[in-house]
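Subject: Structure handover

Hi,

Here is the structure I promised to pass on.

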Amino acid sequence: MELLKHAARVASGLLALAALPAVAAESTDTAAIDADVAAVVEHAHLPGLAMAVVEQGRVVYQHAEGARGDGGRIDADTLFKIASNSKAMTAALLARLVEQGRLRWDDPVRKHLPGFTMHDPWVGEHMQVRDLLIHNSGLGLGAGDLMLWPEPNAYTRADIIAGLAHLKPVTSFRSGYAYDNLMYVVAGEVAGAAGGKPYDQLMREQVFAPLGMDRCQVGAWSVKHVGNVAQPHAWREGRNVVVNADGATSPDLTSMAAGGIRCSLRDMTRWMQVLLDPALVPGWLGSEQRRTLWTLHMPMPLGERQRRWDNAHFMGYGYGWRVSDMDGQWKVAHTGTLSGMYSSLALLPDRKVGVVMLMNGEGEDARTVLMQSALKRFTAVGAAPPAMEYLAELRADQAERAASGGGRPSTAGARPVARDALPQWQGRYRDPWLGPASLCPGKDGLRFSVDKSPKLQAQVMQLQGRWLLHWDTLEASAQAWLQADDGAPPTLQLRALDPDIDFSYDFQDLHFTRTGDCPGGQHPRR
């Protein structure tokens with residue numbers, strides 16, 4: 001009987017959602033948003049963009065334009081990688097399981113995953129489910145992300161959990177904030193253990209289906225069958241080109257609980273509507289768990305630009321959300337970043353306002369300024385600067401940084417080294433969490449490669465008396481220094497060339513120890 005009542009409530013909520021008008025412009029200045037979008041898309045060379053604004057439960061702005069990357073055009077049903085906006089959905093799934101009595105936020109992780117441990121065994125024993133969501137593990141920024149990205153790779157969720165025992169903390173447990181992804185992978189496994197089904201099945205049953213997010217995809221799925229999928233792009237030699245294109249099937253990504261979900265603009269708009277108005281799907285998630293998701297559980301540093309642009313006074317992390325203030329109003333938000341894909345979602349819960357945008361190009365600055373200008377139309381009515389003013393300020397800051405010498409050093413003088421270079425260090429190596437690797441001769445000289453990560457394959461170069469790894473397929477900003485120590489046994493370490501490198505390239509956490517000779521009977525150390 002209770003199941004039938006719940007089904008009736010869900011059906012009622014879905015009917016309410018379906019009854020909402022597609023676009024119902026009221027006080028929102030949609031012409032100004034259109035002007036912002038047009039200017040920023042052109043200036044930032046975005047291949048495609050989908051954006052929506054919700055106010056008081058109604059969609060007051062909706063816009064989709066550009067190329068998917070497969071010959072088709074972007075519309076409201078085009079699927080995008082939402083990247084780390086997946087974290088809020090993972091947190092909502094856990095909240096549903098808490099509400100159903102299948103787990104508690106203060107459960108030890110080991111209650112659900114008995115083999116879980118950390119570098120400090122005490123931390124592994126005392127880490128709770130809630131700790132998985134708030135970036136307080138003591139690990140460094142992005143620690144272990146090289147097991148997740150670049151994709152594709154051969155690391156499993158079991159590898160992630162096993163690798164945590166070898167990642168050394170940089171602070172004490174629960175003492176501070178450092179963004180991580182691995183703990184959300186663990187959180188997805190906790191959900192599966194507590195819910196009795198794989199994470200992707202639970203996400204479809206507990207989140208997507210009840211809310212009517214019909215296009216969202218997680219786990220393995222057929223790209224060919226689902227169709228209308230945006231492909232990531234990079235700006236190369238004056239034009240956008242597709243990078244990391246999908247095959248016929250999207251695999252069951254190890255990273256899915258942290259950043260592997262794909263949704264359309266229509267799905268994400270519905271997600272915002274239900275979060276802002278629980279009455280749309282009665283009984284889906286109670287008020288206590290909703291408050292828990294948006295409670296500030298871990299303080300975060302407040303940047304100078306956020307103080308200046310938002311008039312902000314605090315910032316912190318909830319469960320899958322960043323919580324802050326903006327012009328005296330409560331703001332709940334998150335971003336998502338993958339190579340060639342950017343997303344952003346922000347809510348002003350007291351105003352029942354939400355803004356979401358999805359991009360399939362290199363859109364970090366575009367995402368920042370479009371979201372800022374859109375929200376300002378609700379928090380600073382009549383005084384919201386256009387997006388291009390924010391973009392000009394961003395570019396001025398970047399130019400100042402570059403002029404001060406803070407950018408990436410030039411590699412114009414780098415030259416490939418010969419096959420027989422570094423004979424005392426050639427051989428097979430192993431890192432405790434990333435696994436086996438090689439520093440061995442190849443057809444184009446000396447090469448470095450990681451066994452389980454096909455994109456971590458590099459040509460060894462020499463630059464100003466140092467050794468540089470030039471990755472075959474990664475962007476130039478991901479280049480890394482190779483440092484060797486002629487110990488017993490020899491060791492290798494990597495350091496980022498670019499001080500502003502994406503934190504997921506956590507080269508500093510690697511420590512390779514030599515385990516043997518290169519394959520093929522080569523013995524360079526003799």
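Let me start with a cysteine pair: C216 and C263 are both buried, where buried means under 20% relative accessible area, exposed over 50% and partly exposed in between, using a 1.4 Å probe and protein chains only. Before I go on, the ground rules: this is a predicted model, in which local features need pLDDT of at least 70 and side-chain atom pairs count only at pLDDT 80 or more, while totals for chains, interfaces and linings use all residues. Residues are numbered from 1 along each chain as its sequence is written, and side-chain values use heavy atoms, with hydrogens and water left out.

**Disulfides**

There are two disulfides in the structure (a disulfide being a pair of cysteine sulfur atoms within 2.5 Å). C216 and C263 make one of them, with 2.1 Å between their sulfur atoms. This link is right-handed, with 115° about the S-S bond. C216 sits in the loop between helix 8 (199-211) and strand 4 (221-222) and C263 in strand 8 (residues 262-263), so the bond ties together parts that are 47 residues apart in sequence.

Counting bonded cysteines along the chain, the pattern is 1-2, 3-4.

Helix 11 (residues 265-276) has twelve residues, and its first and last C-alpha atoms are 16 Å apart, close to the 16 Å expected. That expected span is 1.5 Å times one less than the number of residues. Eleven of the twelve residues are buried, so helix 11 is largely enclosed by the rest of the structure. Among the buried ones are D267, R270, W271 and Q273. T269, also in helix 11, counts as buried at 4% relative accessibility. Not counting residues up to four places away in sequence, T269 touches A52, V54, V59 and V356, where contact means heavy atoms within 4.5 Å.

With 13 of the 14 residues buried, helix 3 is largely enclosed by the rest of the structure. G101 follows helix 3 and has a positive phi, near 80°.

**A helix pair**

How do helix 2 and helix 14 pack? Helix 2 (residues 30-44) and helix 14 (residues 364-379) meet at an angle of about 170°, with their axes 10 Å apart. That makes helix 2 roughly antiparallel to helix 14. The axes are lines fitted to C-alpha atoms, for helices over the stretch in contact, and angles run from 0 to 180 degrees between N-to-C directions. Angles under 35 degrees count as roughly parallel, over 145 as roughly antiparallel, 65 to 115 as roughly perpendicular and the rest as oblique.

On the helix 2 side, the contact uses A32, I33, D36, V37, V40 and A44, which meet A366, V369, L370, S373 and R377 of helix 14. These residues divide into eight nonpolar, one polar and two charged (Ala, Val, Leu, Ile, Met, Phe, Trp, Tyr, Cys and Pro count as nonpolar, Asp, Glu, Lys and Arg as charged, and the others, Gly among them, as polar).

Helix 14 also holds Q372, which is buried with a relative accessible area of 7%. Leaving out residues up to four places away in sequence, Q372 touches W309, D310, M326 and Y390.

S250 is in strand 7 (residues 249-250) and counts as buried at 3% relative accessibility. Its C-alpha is 5.5 Å from that of A220, 30 residues away along the chain. Beyond its neighbours within four places in sequence, S250 is in contact with G219, A220, W221, V223 and R262.

W330, in strand 12 (residues 329-338), counts as partly exposed at 30% relative accessibility. Apart from neighbours within four places in sequence, its contacts include W294, V323, L347 and P349.

Cheers

Note on methods:
Helices (H or I, at least four residues) and strands (E, at least two) are DSSP runs, numbered from the N terminus.
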